[in-house]
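I opened the model to look up a few local details. My notes follow in the order I took them.

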Amino acid sequence: MPDAVVIGAGPNGLVAANVLVDAGWSVEALEAQQEPGGAVRSDRGVHPDYVSDLFSAFYPLAAVSPVLARLDLAAEGLRWSHAPRVLAHPLRDGRCAVLERRVEETTAGLQTFAPGDGDAWLHMYEAWSRVGPHLVQAMFTPFPPVRPALRLAAAFRAAGGLRLARNLALPVRRLGEEEFRGEGGRLLLAGNALHADLAPEAVGSGGFGWLMSMLGQSHGFPVPVGGADALTAALVRRFQRRGGVLRCGERAASVVVRRGRAVGVITAAGDTVGASRAVLADTSAPALYRELVGEEHLPSRLLRDLERFQWDFATFKVDWALSDSVPWTAPQASGAGTVHVADGVDGLTRFASQIAMGQVPDEPFALLGQMTTADPSRSPAGTESAWAYTHVPQIVASDAGSDRITGRWDAREQEAMADRVEAQVERFAPGFRTRILARRILAPATLQAMDENLHNGAINNGTTALYQQALFRPVPGTGRPETPVKGLYLASAAAHPGGGVHGAPGANAARAALAHCAPTILLHRAQRL
């Protein structure tokens with residue numbers, strides 16, 4: 001019997017498993033899919049000569065994560081690559097807001113939008129340079145992060161104190177209007193806020209847009225050389241070299257609870273995998289509590305709170321094998337790994353408002369990845385492995401476009417939405433469609449079938465809105481990975497600090513399990529002596 005069973009071999013589950021084996025525990029990880037990785041996987045399913053990332057692709061949070069740094073995945077062969085430019089937001093008139101690798105080049109570009117905007121960006125970056133390292137440490141430390149919070153408070157005072165705190169609480173539209181006279185800086189902030197489900201008018205979206213923009217400025221948006229699979233492979237190799245056992249194609253059907261304690265897992269095949277110390281679940285919160293544990297083992301207050309749990313936006317994704325690079329009207333976009341495709345901040349607001357009303361957007365904001373630009377190993381020279389995803393409502397009420405999309409996402413609706421995404425790209429890159437050799441459509445239900453944590457393609461395992469963060473994630477409580485069932489820990493992005501590939505939820509759950517078992521271990525050792 002292993003010391004611990006980890007349900008789910010996504011990035012958080014694999015990080016949790018690695019932390020536990022480092023502490024000397026025996027660990028078995030159960031993965032429902034036939035391969036590990038969760039939302040960190042790649043394949044050649046679009047075209048045999050092209051590597052395509054199935055879900056996540058760019059990893060700024062991995063680059064800055066102290067959790068992943070401690071695992072030293074470079075020793076397992078993981079290498080990173082960067083596009084010449086981090087991010088671009090082209091406009092139809094040929095102008096382009098660009099987040100460059102060097103801050104001096106970013107500021108020079110923003111200065112062309114309006115005098116003084118380059119200095120405004122530099123001022124933001126200087127504040128980040130003082131606050132950023134402490135903020136990251138506080139974010140990725142188990143809640144409450146007492147010592148990192150004290151250091152962060154001191155850094156905040158040095159970087160502007162209450163004024164900086166106010167800026168981060170602002171809606172990103174307001175933050176952009178206060179800081180920049182021109183469109184460039186506003187576009188970079190607002191587009192980055194919509195990497196989560198935060199509309200330009202949402203409270204706190206300014207802080208998230210600032211965080212992602214400054215991470216891009218300081219660390220870039222790196223990609224694993226060879227595809228997202230390389231990151232998963234490094235985590236798996238490290239785990240198995242230390243004695244860990246990975247079992248793919250083994251779906252967990254329920255958590256075994258005896259006398260209020262998790263003691264193992266029953267698989268869909270009917271096998272029981274015991275756990276002498278802990279069960280860690282890299283699953284969504286609703287799936288863990290409602291399906292794996294069962295209401296009879298949970299307090300009624302938690303069950304009532306789960307009724308208010310909010311998913312983030314559903315996701316619709318298209319992968320392409322392109323015969324040539326994307327023919328952007330704005331040439332600066334050609335060197336960017338990530339491209340935001342929307343008609344200005346107003347276009348972003350319109351897009352988010354349509355989703356809020358349950359409408360499928362008629363001109364969807366497309367977050368587009370130029371993967372060969374970021375990593376030349378992804379496709380033959382002169383070609384581009386590309387993708388774009390957009391968001392749609394979790395529950396579709398109507399279609400803002402003319403295709404009568406209902407949210408059934410049958411073949412007709414999938415093709416219509418993919419055409420709509422391509423038409424949006426074509427507005428900013430005329431001739432784009434003529435370069436498509438092959439495409440693959442990943443509709444909301446398809447994404448969920450490939451990774452059960454992606455509920456209708458919800459990529460953050462719950463909304464990023466302030467009312468479901470920290471103490472409120474996944475429901476109001478302590479913000480910690482412990483659950484009402486002893487020995488059971490929530491190890492997914494449903495727990496603090498939330499979405500993104502950084503491993504913190506998995507590491508936090510593993511540390512909690514180790515801490516709770518430490519007194520018992522010491523007692524057993526004393527008894528043996």
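**Helix 12**

I listed the buried residues of helix 12 and got Ala285, Pro286, Ala287, Leu288, Tyr289, Leu292 and Val293. The model is a predicted one. That list makes 7 of the 9 residues in helix 12, which spans 285-293, so I noted the helix as mostly covered, buried being under 20% relative accessible area. I then looked for what covers these buried residues and found, among others, strand 1 (4-7), strand 10 (252-258), strand 13 (278-281), helix 13 (300-306) and strand 21.

I checked both ends of the helix. At the start of helix 12, Ser284 places a side-chain oxygen within 3.1 Å of the backbone nitrogen of Ala287. Just after the helix, Gly294 has a positive phi of about 100°.

**His502**

I located His502 in the loop between strand 21 (488-490) and helix 18 (504-528). I looked up the polar partners of its side chain. One is the backbone oxygen of Gly498, 3.3 Å from a polar side-chain atom of His502. Another is the backbone nitrogen of Ala504, which the His502 side chain reaches at 3.2 Å. Leaving out residues up to four places away in sequence, I recorded that His502 touches Leu61, Ser65, Val67, Leu68, Phe140 and Pro497.

**Glu482**

I found Glu482 in the loop between helix 17 (444-450) and strand 21. Relative accessibility is 24% here, so Glu482 goes down as partly exposed. Its side chain makes a polar contact of 2.9 Å with the side chain of His516. Glu482 and His516 are 34 residues apart along the chain, and I read 9.8 Å between their C-alpha atoms. The side chain of Arg480 also has a polar contact with that of Glu482, at 3.1 Å. With residues up to four places away in sequence set aside, Glu482 touches Leu488, Tyr489, Ala512 and His516.

**Helices 8 and 9**

Last, I looked at how helix 8 (172-179) packs on helix 9 (183-193): the angle is about 165° and the axes are 9 Å apart. Angles over 145 degrees count as roughly antiparallel, so I described the two helices that way. Helix 8 passes helix 9 in a right-handed crossing. From helix 8, I noted Val172, Leu175, Gly176 and Glu177 in the contact, and from helix 9, Arg186, Leu189, Ala190 and Ala193. Sorted by class, this contact has 5 nonpolar, 1 polar and 2 charged residues.

How values were computed:
Residues numbered from 1 in each chain as written. Predicted model: local features only at pLDDT ≥ 70, side-chain atom pairs only at ≥ 80, totals over all residues. Heavy atoms only, no water. Axes fitted to C-alpha atoms, helices over the stretch in contact; angles between N-to-C directions. Helix = DSSP H or I, 4+ residues; strand = E, 2+ residues; numbered from the N terminus. Parallel < 35°, antiparallel > 145°, perpendicular 65-115°, else oblique. Left-handed = near helix turned anticlockwise from the far one by under 90°. Contact = heavy atoms within 4.5 Å. Nonpolar A, V, L, I, M, F, W, Y, C, P; charged D, E, K, R; others polar. Polar contact = N/O pair within 3.5 Å; in protein donor to acceptor, adjacent residues only side chain to side chain. Buried < 20%, exposed > 50% of the residue type's maximum accessible area, 1.4 Å probe, protein only.
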